[in-house]
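Work through these exercises with the model open beside you. Try each task before you read its solution.

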Amino acid sequence: MSGFAEYTVISDRSATLVPADLPFDIAALFGCAVLTGAGAAFYSAQVVPGDKVAVFGLGGVGLAAVLAAVTAGATQVVAVDVVEHKRQLALTLGATHETAGGPDVVSHVRDLTGGGADKVIDTTGVAAVLEQAYAATGVGGTTVTVGLPHPDRTVTLPALNLVAEERTLKGSYLGSCVPRRDVPRFVDLYRAGRLPVDGLLSGRLGLAEINEGFARLASGEAVRQVVVMV
């Protein structure tokens, strides 16, 4: 972690080449949010054409999952968040429906998807939301979680439908990605216009504005911001 330093020392195994003409502020997006979110859709959930998908949590990771679900051919993508403008942003990125997070979200998602989504991706790291994501998954469906809850948190799930409905619950670390393989793949998709990750960029900051940037993240106003050294 460079801690916003101008320089850092890393292992060469942690470095991935990107095309020389890829703008640095766009390249920065692929380091975490896009790998985790897009990888969760492409690899962990294995979204295929015709799938109905729901994404819980619309930060950079969740919105990247929305983009990838659309790219993978999902016919329905339901975007779930408590923040209204993030849900509206998801619609501009290709989501077909949006609904607010809260106590009624499971019934809303199940109604929208005709009984439950085929693939549900939880990016929140909140145990109670993971339980909702599982409940919003349809028969034979897959629930994927990429969030990192507190180590003390546990989830309670109905044991019977895991077998009777042939359900799958999967964890996904960094979107099940291999950075040296998948950063170039996802960059190629971006350059081909099929994975428009630049839509995740809320703004660019100078280093002197870093505290304001964190405040915008905390309030939910921003999705992804890039610190640009000038």
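**Exercise 1.** Which residues of α8 are buried? The model is a predicted one.

*Solution.* Take under 20% relative accessible area as the cut-off for buried. In α8, Asp182, Val183, Phe186, Val187, Leu189 and Tyr190 are buried. They cover an arc of only 160° around the axis, so they lie on the same side of α8. Next, look at what covers them. The cover includes α1 (24–27) and α2 (33–44).

**Exercise 2.** Give the strand order of the open sheet, and find its edges.

*Solution.* Six strands make up the sheet, in the order β3-β2-β1-β4-β5-β6. Their pairing is parallel. β3 (97–100) and β6 (168–171) are at the edges. Each has a single partner strand, so one side of each lacks a neighbour in the sheet. From one strand to the next, the twist averages 15°.

**Exercise 3.** How many bridges join β5 to β6? Then find the helix α5 that packs on the sheet.

*Solution.* Four bridges join β5 (residues 137–145) to β6. Thr145 stands opposite Gly171 in β6. Helix α5 (residues 105–113) touches β1, β2, β3, β4 and β5. The direction of α5 makes about 165° with that of β2.

Definitions and conventions:
Residues are numbered from 1 along each chain as its sequence is written. This is a predicted model: local features need pLDDT of at least 70, side-chain atom pairs count only at pLDDT 80 or more; totals for chains, interfaces and linings use all residues. Side-chain values use heavy atoms; hydrogens and water are left out. Buried means under 20% relative accessible area, exposed over 50%, partly exposed in between (1.4 Å probe, protein chains only). Helices (H or I, at least four residues) and strands (E, at least two) are DSSP runs, numbered from the N terminus. The arc is that of the directions from the helix axis to the C-beta atoms. Contact means heavy atoms within 4.5 Å. Two strands pair if DSSP finds at least two bridges between them. Axes are lines fitted to C-alpha atoms, for helices over the stretch in contact, and angles run from 0 to 180 degrees between N-to-C directions.
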